Amino acid sequence: MQVSAPIRAPAWVSTRRLFEQKLSDLHKCNNLSQLKQVYALIYKSNLHQDPFVTPKLVTAFSLCRQMPCAVKAFNQVHEPNVHLYNTMIRAHVHNSQPAQAFAIFFLMQSSGVFPDNFTYPFLLKACSGQNDFSLVKMIHTHIQKYGFCSDIYVPNALIDSYSRCGLVGVGAAKKVFSVMDDKDVVSWNTMIGGLVKANRLNEARQLFDEMPERDMVSWNTILDGYAKAGQLNDAFELFEKMPERNVVSWSTMLTGYSKAGDMEMTRMLFDKMPVKNMVSWTIIIAGYAEKGLAKEATDLYEQMEEAGYRPDDGAIISILAACAESGLLWLGKRVHQSINKNRHQCSILIENALIDMYSKCGSLSKALSIFNGMGKKDLVSWNAMIHGLAMHGHGSKALQLFSKMKQEGFAPDKVTFVGVLCACTHGGFVDEGIQYFYTMERDYRVPPEIEHYGCIIDLLGRGGRLQEAFRLVRTMPVEPNVIIWGALLGACRLYNAVELAQEVLEHLVKLEPQNAGNYSMLSNIYAATGNWDSVADMRLRMKNTGNEKPSGASLIELEDGVHEFTVKNTLHPASDKIYHMVDGLSHHIKKVGYFPDAFY
DNA sequence: CTAGGGTTAG
């Protein structure tokens, strides 16, 4: 009789145990290295053809954002069944690859596998965000042909996708909704949400009142509609009537009051809410920050961290964006500190938000160091940095970065070109700007939009090429707005082009009759050319226009708070000193041959 | 034996 000696389990045994334990809930595995081990074992054990294993594997890879691995696992199956195809479509949708989701759908059809009631809700999700009515209609036709509307998930998904396709879409959604035999609470909520998105609040409310049963989501949807539309009294009335409120209801109210600029009410609700979460803290902190209320925002940020909250990606991005908007460098730095403390690495989204925050808050060197330290950059990173350099007057550096971006294989988009044209304006590169403008569509298939026309007309005008600027305004395919006419008027002022300015003023008066600034611009031109009678005429016209609209401001945060600067602002306590300095500087740069008002 | 929908911050 043989006695077996006790043996130590070899290393693979533990992996094996992990494998067996993992296989049943493999789709929930979010640890990439474990997942890859399990995948290797699946492959070795020839289990990758098992129709119950591969969908779980695909789902797990999709949750870890490893689509190449998911595709590989999928491709190893010889004859995928409908469930695996569905899983693959969903994986692509969850990873924002709608085109690939459709490709799988077409592959499935050409392989002779028929779609089922699960296929269409996934496919319809792939359409959301595309705003493509005819695509949704095409899917709807398929659904009608195969008769999958008996499964309530299918018409519910149709209502959702249709209502994301503008006005025509909402009409189609209403049709689907109205012919449904058994509507459940999700059908109602989706339809109400669709009407809210289309700004058809009265219809949404009517439906809400007709609902047989209303759970929390229905109330929150209609509440959100009122809050977004600024109908805060209606929102508040409903909020008080609700049988119960959850953290979403409270957050919706916070957003409504914060967006309306009523931070007192926002704060009152925030202090009263029984349960707070990351979202509610984010809303109020970003709200204060957007309005430049540095102390309130920073104090609450500290309180949030003291209460044990670690800001997530969404919180960080919202708060940084708010800091960028109003120049709160100090809070922006504070958020950056928490990022460094709490994370070993941060996402591209956060790094992009930091670049934007630092450059808009005046700290170009910090923005550059984030940009240069990034492991991976995306188009947004390049765009933010190009724009940042341009804004800080480094026109040629911005253009150098633009060529580098192209060398690294990034295709510029419309945002890139706004930055590039802006760089030309700040650097005074008129001919280069025109060149870039013409390559946009020809070489990069980026058709110029009104912002680009605004930039190029501003550039031509500042360069003294008024006739060309006017010709472009007359021939461009978009209707000129106040920014375009305003740029022209500014150029006329710069070169004292009286007659052109008179023409421009008439256009501006039609678009914004209340803006006295336009008259004063023409009045200045008359004054500069010694036409005092016309100056008096302009003053008279100005008197009858009423209020001047608030002018644009630059903000900078110093040790003693945020300082605001506007054109001709004499309210700042140090304005005498400031203007003295500016005059001195203008004198100096004129002496060295610079034309100070043309390019900035 | 697997799976899917509606609301709040970004």
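**Exercise 1. How are H11 and H12 oriented to each other: roughly parallel or roughly antiparallel?**

A word on ground rules: this is a predicted model, where local features need pLDDT of at least 70, side-chain atom pairs count only at pLDDT 80 or more, and totals for chains, interfaces and linings use all residues. Residues are numbered from 1 along each chain as its sequence is written, chains are lettered from A and ligands numbered from 1 in the order in which they are written, and side-chain values use heavy atoms, leaving out hydrogens and water.

Step 1. Find helix H11 (residues 185-197) and helix H12 (residues 201-210); helices are DSSP runs of H or I, at least four residues, numbered from the N terminus.

Step 2. Their axes come within 8 Å and cross at roughly 160°. Axes are lines fitted to C-alpha atoms over the stretch in contact, and angles run from 0 to 180 degrees between N-to-C directions.

Step 3. H11 and H12 are therefore roughly antiparallel (over 145 degrees; under 35 would be roughly parallel).

Step 4. Now the contact (heavy atoms within 4.5 Å): Trp188, Met191, Ile192, Leu195 and Val196 in H11 meet Leu201, Glu203, Ala204, Leu207, Phe208 and Glu210 in H12. By class, that's nine nonpolar, no polar and two charged residues (Ala, Val, Leu, Ile, Met, Phe, Trp, Tyr, Cys and Pro are nonpolar; Asp, Glu, Lys and Arg charged; the others, Gly among them, polar).

**Exercise 2. Work out how H13 and H15 pack.**

Step 1. The axes of H13 (residues 216-228) and H15 (residues 247-259) come within 9 Å and cross at roughly 0°.

Step 2. So H13 and H15 are roughly parallel to each other.

Step 3. Met216, Asn220, Leu223, Asp224 and Ala227 in H13 touch Val248, Ser249, Thr252, Met253 and Gly256 in H15. Sort this contact and you get five nonpolar, four polar and one charged.

Note on methods: Helices (H or I, at least four residues) and strands (E, at least two) are DSSP runs, numbered from the N terminus. Angles under 35 degrees count as roughly parallel, over 145 as roughly antiparallel, 65 to 115 as roughly perpendicular and the rest as oblique.
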